[in-house]
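Here is a walk through one assembly, chain by chain and contact by contact. Keep the structure open as you read.

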Amino acid sequence: MSNRRLPRLLQTPAVILLLIWMLVPLSMTLYFSFIRYVLNSLSRPEWTSPSLSNWRGFGNYNFVLNNKDFLLAIQNSLVIVCSILFLTVIFGILIAVLINKAFPGRGIVRVLLISPFFVMPAVNAVLWINMILDPVLGLQGIAVESINDVIDGLRTAPVVGGFFNLWPQIEPISFRATQTSAIAVIIMVTWQWTPFAVLIFMTSLQSEDQQQKEAAILDGASTWSMFRFLTLPHLGRPIAIVVMIQAIFHLSLYAEIEIVSRGNGNKNLPYLIGEFANNNIGAASATGIFAVILANIVAIFLLRMVGKTLME
Amino acid sequence: MAIVAQSTRRGRISRATFAWIVGLLFFFPIFWMVLTSFKTDADAVKPEHLFFFTPTLENYLNMTENYDYWRFAQNSIITAVFATIFALAVGIPCAYAMAFNPARGTKDILMWMLSTKMLPAAAVLYPMTFLTKSLGLFDTKFLIIVVLMLINLPIVIWMLFTYFKEIPKEIIEAGQMDGVNTWGEVREILIPLAWGGIVSTALLCFIFCWNEAYWTVRLTTTDAATLSKLIEGNRAPEGLFFGRLSAVSTAAVGPIVVLGWFCQKQLVQGLTFGAVK
Amino acid sequence: MGSIVLEQVTKSFGETQVIPPLDLTIEDGEFAVFVGPSGCGKSTLLRLIAGLEDTTSGRVLIDGADMTEVSPSKRGLSMVFQTYALYPHMTVRKNIAFPMRMAGMSEAEQEKRIMAAAESLNLTDYLDRKPGQLSGGQRQRVAIGRAIVRDPSAFLFDEPLSNLDAALRVGMRIEITEMHARMKTTMIYVTHDQVEAMTMADKIVVLQAGVIEQVGSPLDLYHTPRNLFVAGFIGSPKMNFIEGPEADQRGATTVGIRPEHIDVVEGPGEGIWSGTVGVAEHLGSDTFFHIHETGLAETMTVRAVGNVALRHGDAIHLRPREAEMHRFDAEGLRMS
Amino acid sequence: MGSIVLEQVTKSFGETQVIPPLDLTIEDGEFAVFVGPSGCGKSTLLRLIAGLEDTTSGRVLIDGADMTEVSPSKRGLSMVFQTYALYPHMTVRKNIAFPMRMAGMSEAEQEKRIMAAAESLNLTDYLDRKPGQLSGGQRQRVAIGRAIVRDPSAFLFDEPLSNLDAALRVGMRIEITEMHARMKTTMIYVTHDQVEAMTMADKIVVLQAGVIEQVGSPLDLYHTPRNLFVAGFIGSPKMNFIEGPEADQRGATTVGIRPEHIDVVEGPGEGIWSGTVGVAEHLGSDTFFHIHETGLAETMTVRAVGNVALRHGDAIHLRPREAEMHRFDAEGLRMS
Amino acid sequence: DGHTELTIAIVNNGHMINMQTVAEAYTEETGVALNWVALEEGVLREQVTSDTATGGGQYDIINIGMQEAPIWGQAGWIEALEFGADYDVDDMLPAIRNGLSADGTLYAAPFYGESSMVMYRKDLTDAAGVTIADNDSWDNIRAAAEAIHDPDNGVYGVCLRGKPGWGDNMAFITTVVNSFGGAWFDADLKPTLDSDEWNAAINFYVDLLGTYGPPGSEGNSFNEILALYNEGKCGMWIDATIAASFLEVDGVAYAQSPNAGNPVGANWLWAWAMAIPAGSPNAEAAADFIEWATSKEYIQAVGNHPEFGWGSVPTGTRTSTYAIPEFQEAAAFADAELAAIESAAPEATDLKPYVGVQFAAIPEFPEVGSAVAQEMAAALSGAKSVEDALADAQAAAEAIMTEAGY
Ligand SMILES: Nc1ncnc2c1ncn2[C@@H]1O[C@H](COP(=O)(O)OP(=O)(O)OP(=O)(O)O)[C@@H](O)[C@H]1O
Ligand SMILES: Nc1ncnc2c1ncn2[C@@H]1O[C@H](COP(=O)(O)OP(=O)(O)OP(=O)(O)O)[C@@H](O)[C@H]1O
Ligand SMILES: [Mg+2]
Ligand SMILES: [Mg+2]
């Protein structure tokens, strides 16, 4: 296509808008990350307004690097993102394939399936952590209690009683503990974002070339082989996009972390930034720069993996 | 078209059953939330009232009485609709250009666009608050629309880009041979062919706008406050709150869920054309 | 090995019935060619046999067993699609290997067959390309390669050579004929090419609007077409049909004579037709004259061997070979 | 109206140079046919002219103006794609109407042209279908229809008739020839069909691996092929090439003789070649004998007019027509 | 004039929500329109901070707590408050008033105040034959918890805050630490989390709650425990006095907070107060509203309001409230609450050289508090030993304080 000017022109509005949107805050963040800047200080009031005279060099970075939660936050960011990506892509593909063929009530099932995606993150977190996962009042607690009651009842039953006597009481799991709070976040976000994956994969499956499938059938491919060799490659680009978009979203999870356990055990970089931002803007900004760097590393890594499928 | 892989009757039935089970499982938390919203706060935590209780509208009445639900809802609708429209208006031409006239830098531009989403919001809260206040834009719908549009633009472009990529290049070429100009190409070929993709992108963008809860909470006071701000105020009120919370949540997600239901056909009908030799 | 029998098979797309009830038997090891005008239902018939399309009614028997309800993958057939249907994300090599991989063939055997197929299809240089980087004809050859590497019970070819050049086409034609001779596998072959149909078929099936007009050996159809349609369809250029006095004279409603059965003679005379040369098509090996103003039919086509030096507007004199004349009754059926 | 000139045009896909520097002039109003083996670059050349593919170097002039950098939609050309490229979301009617709509033609005029095109393409019944519901040939006809309703400065046809049956093909061939005669628009036509190439072209361009081997009128190419490649490529079945004593005797490295220029004679004798009949292909109008054991070449092909009753294994005696013999030197170039 | 509009940021709890309704009368009377923005505590704090720090203008009145009021007042972020004689400043509970002032100037007017106390199920303690006295010893509390702990029947001995947050688990834990003689900082504002007192206190807390608490305690704070308590799951609860007004279980008895011997700080002191951000264009109208909303009349208005009544009046701010007979009748906990508030000791002493009971009134405290809070939650759930948790907490606190320039 010889005329390249128009395409360039069409790109410019988006590019310019995003450029402004990125440059202005980013440069301010960069600036703050190199100066002493706190919101409120009784001991050093001069730090409370951003000014070059408070120049600090890499001091904020140093402080952040030495923070006990910094590495943990990076690790959590990655673990949470990767687990969610893994689960949503797997579930997304399975479900999309499952409902790709017509069956009675498919429309309704589709609606049921994609509904979680419409739920606001805060609602999602509150709903899960309080009403479902709570070890006493949530459905988990209630379920565990009733199972224990049933087992208790069976212990006294004739014949099988002895068998049930061997069973221990089931302990409910607390999902707000240091050890489990990341799992709670993964569960709730997976629940919410699997529909996104389903949605994208579903749309993409619709465009799968029927003739290719026919050819494969005649080539003797089993259902599994067709899935493996045709559907999966066909889903390459949608998977790429699901992974990229979700990675970006989940690297900045905040509400879920806050609501589940206030960062206890599941603190990620944005949450760490939020904690600093309560007062120490300099440190928050430095952490922000770290977060940008981390996100870019993740993105470059992902792009390596999916970039080819994307542009083909 | 044809029946690819006729499955056995039993296979079909078990597939349907399984799909229904998965669907219901996924929907259950929402069902639970809606159900709870009709319980009193006290009933909400009583195991004996899990399913059997006297439904009450109390929570909803409380909500509309104590909070200006409709104002929040109206703001949500206005900001999400306009942000979506603008995002598409800017995103479609851009994605079109990148999908069909890829230059060497296209991949990098795409990547860079996405990277604009990576700046953690918390890190720029103060700059943003300061800037918008000094521009006099703080707590205006215009600001929220612009912000929502900007944070979703990269996603919109990415999604559209992938949908456009699926359109056989030859069809676009045929259009060029038939003498369409760029605008005609977009209107006559691209949009009809990628309609499903565009609708799902629009809907996704709308959902993201609707659910956005960082800037909409922090860059507004009252005039432009959306439903996410209502949620922020209600996610941990004092006392027993499952019922109240469920009602507010149901009211906040209700409109979008219903919208999603109406659009789901459009969403999946999407790109149902096969490549025609 | 497989005989293929269609019993009262019909096919409708929505309201439109594309195939009215149809019976057809293809013997084990036979080479059957389907011909017919574009849109007459050839591909549909192939797809019905393959099981890619459900029959609206009727039964499909393969090797005597009722396969109507059996899934395509279980029928053991191999097919070349009119639209190729290559796997766009796989290289040529992988495309060709796919059916063998599915059949669990050993790597070594796969490689051997791929190389053999690529050799005979002139694809050796392209094995590592993806279909998107191939020319039309190359793609078509990949589709053929994919079909022939297997050992199916029958081959279904849907216009497999339509995008190949003459030389390659002749080569492939001979290749396929030899393959058939060697493997004795049933083959069903759809083509628009008269030469292919005539030279490859054991049996030609002539279709029109989903109806079988005639089934027979190539020369049968050429020499004794059952009706006007078949007479007109088989042979290129098409048979000349003459009505009126000339036909009456021979006791028929219509008489037909092929362009190659009319000789160009020097001057007018008894039983000699005269006319004016319209378009003259010079093929080098032959010349086709389209002749007007014969008083017999609007245009008549005559083939002269070699390059005959008559031009547009020249008078021309023709002698039909009486023995090669075909006679048809009012219904258009052949009169013996 | 448009003359088309390619000046030192080259095209590479990545590392592979598909078109080495190439010069070609097609006069205004000319009917040029591109032929060549599958994958030789015909479609690529067409796409370069159309502007769908950027030239790697060189210039494309249309009507004297440099169009190398002009977008396809501004070049005013009309094209039939080898892969059809129909708009899947539009009905046949809309597909055909599309270019006219884009040109802002009046509704009435559009309708008139659509009806005319549909008529001549036998598509009248299918106007309201979508491409997905058509047979292969019908789709191809829609693609033709879409191209011919416009008044472009030149037509580009990429194997437009490959999926049509013989009758329709002959019909379309004549249709297009007449259209050309009427409109005098430049046409570039890619085909694998010898008959089409020979009968339609003012000028045939023979390509091999992106290189023009010869440009000339059909009969030129038939009678005086410039080299072995062209000699072998033009004419079907292909010319027989003989090396060794027979060639030496005639002062050439290779001599060639077309199958139609060898007569089957009764018995052996001076200047008579003898061999054994291999495969005999009976077309009805002609018979092609593939002959082994002549001692001249591995196989020789001979065309006998009509149905000659020789079978596999029979001895056969042949007399080449000396005057039709072609002589080539060691480089494969024609010796006058 | 009649067109004044006030935007008020409030924390979303019962008393504040009720105020929206009660204030309809105020609007009617004065013509001042009121815009309410209800937010969750954390978000409210963040919003108000960012508004004030960027020059204000977003809100005319903000809800702030006792931790912020003196600091913000000193920083000049909020206006000093002065009220007319009618207002009767001296009626305000002294502890509360002091907590909301800096250098003797009042910066925020208390809307309601609270301290902490023990709320326990008398039926259960009676059945188990144990008693809980005012300012009981922690050992006794542990023994009582052990006696009434019966998880098989869904009753846990004690419910305490465990959810990380300087206003959540640390509020309670700090009172325990105080009673063991520990403090957040020494006189140089150096963190002292590595002290023996902290060690003893946290070991006790983890043992008590880990052994006799409900599962998932590390996620419980006021709201969660309130739900548990009302479900009959808790035998004993030590938390904000305000909780008493929400309890729906029969047989609840109250006792002053337990103590391990240290005279100060076993019960906390907190108030939600209203303040005016510096530079508010409607400062005058805002002051008028605050004056009304924190006045005696307001308490009467709520008590006499048909929708609410005396059980719902905001307490813990004025001495006079506790003298109202209707209130005394409606609130069984009134005396215990008053006693708790009056005994709370936020002032700096030798033992605790900073202002605040369960917090330190310095700007860096929220940061220190949340860092430590998470370590405590980790210790509670067993992810870390108490010793490790305290060591980590100390290190984090030191880093923050050093960073802040102390
Ligand atoms: N995108 C591409 N990348 C690499 N090579 C390509 C690409 N497109 C075409 N080719 C190669 O260029 C050569 C010319 O292709 P082209 O399509 O022009 O052939 P053609 O003459 O039209 O053949 P056919 O008659 O089979 O249609 C072929 O060898 C083909 O493999
Ligand atoms: N999905 C469909 N819906 C409706 N009609 C269809 C559909 N598919 C095919 N047809 C019609 O069925 C008829 C037979 O189609 P088929 O593809 O079998 O023709 P064909 O003989 O292979 O033609 P060609 O030689 O052009 O490939 C055609 O008229 C076509 O329009
Ligand atoms: Mg077909
Ligand atoms: Mg081609």
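Between chain A and chain B, about 9300 Å² is buried, and carbon and sulfur atoms give 80% of that area. The model is a predicted one. The contact draws in 99 residues of chain A and 102 residues of chain B. Eight pairs of chains are in contact, and of these chains A and B share the most contacts.

What kinds of residue make up the side of chain A that touches chain B? That side has 74 nonpolar, 17 polar and eight charged residues. How many salt bridges cross the interface of chain A and chain B? The rule finds zero. Polar contacts do occur: six residue pairs make them, both partners being at pLDDT 80 or more. One helix stands out here. Helix α1 (residues 5-33) of chain A gives the most to the side that touches chain B, with 19 residues.

Now move to chain C and its contact with chain A. Here 22 residues of chain C meet 15 residues of chain A. The buried area is about 1700 Å², with 60% from carbon and sulfur atoms. Which residues of chain C lose the most area to chain A? They are Y87(C), H89(C) and M102(C), which together account for 28% of what the chain C side buries.

This interface has one salt bridge by the rule. R47(C) forms a salt bridge with E214(A), and the closest N and O atoms are 2.6 Å apart. Three residue pairs are in polar contact between chain C and chain A, again with both residues at pLDDT 80 or more. Three elements of chain C, α1 (42-50), β6 (77-80) and α2 (92-102), each supply at least two residues of the side that touches chain A. Of the elements of chain C, α2(C) gives the most to this side, with four residues. By class, the side of chain C that touches chain A divides into 14 nonpolar, three polar and five charged residues.

The order is β2-β1-β4-β5 (chain C), and the pairing is antiparallel. β2 (16-26) and β5 (65-66) of chain C are the edge strands, each pairing on one side only. Strand β1 (residues 4-13) of chain C is joined to strand β4 (residues 57-62) of chain C by five bridges, and the two run antiparallel.

Strand β3 (residues 31-35) of chain C and strand β9 (residues 203-208) of chain C run parallel, with four bridges between them. In that pair, V33(C) has I204(C) of β9(C) as its bridge partner.

Turn to chain D. Strand β1 (residues 4-13) of chain D and strand β4 (residues 57-62) of chain D run antiparallel, joined by five bridges. I4(D) stands opposite I62(D) in β4(D). β4(D) also pairs with strand β5 (residues 65-66) of chain D, in the antiparallel sense and over two bridges. There, I62(D) has A65(D) of β5(D) as its bridge partner. β4(D) and β5(D) form a hairpin with two residues between them. In the turn, D63(D) has a positive phi of about 55°.

Finally, consider chain E. No contact joins chain C and chain E, and their closest C-alpha atoms lie 49 Å apart. No contact joins chain D and chain E either, where the closest C-alpha atoms lie 51 Å apart.

How values were computed
Residues are numbered from 1 along each chain as its sequence is written. Chains are lettered from A and ligands numbered from 1 in the order in which they are written. This is a predicted model: local features need pLDDT of at least 70, side-chain atom pairs count only at pLDDT 80 or more; totals for chains, interfaces and linings use all residues. Side-chain values use heavy atoms; hydrogens and water are left out. Contact means heavy atoms within 4.5 Å. Buried area is the accessible area (1.4 Å probe) that two parts lose on being put together, summed over both. A salt bridge is a side-chain nitrogen of Lys or Arg within 4 Å of a carboxyl oxygen of Asp or Glu. A polar contact is a pair of N or O atoms within 3.5 Å; within protein, one must be able to donate a hydrogen and the other to accept it, and residues adjacent in sequence count only if both atoms are side-chain atoms. Ala, Val, Leu, Ile, Met, Phe, Trp, Tyr, Cys and Pro count as nonpolar, Asp, Glu, Lys and Arg as charged, and the others, Gly among them, as polar. Two strands pair if DSSP finds at least two bridges between them.
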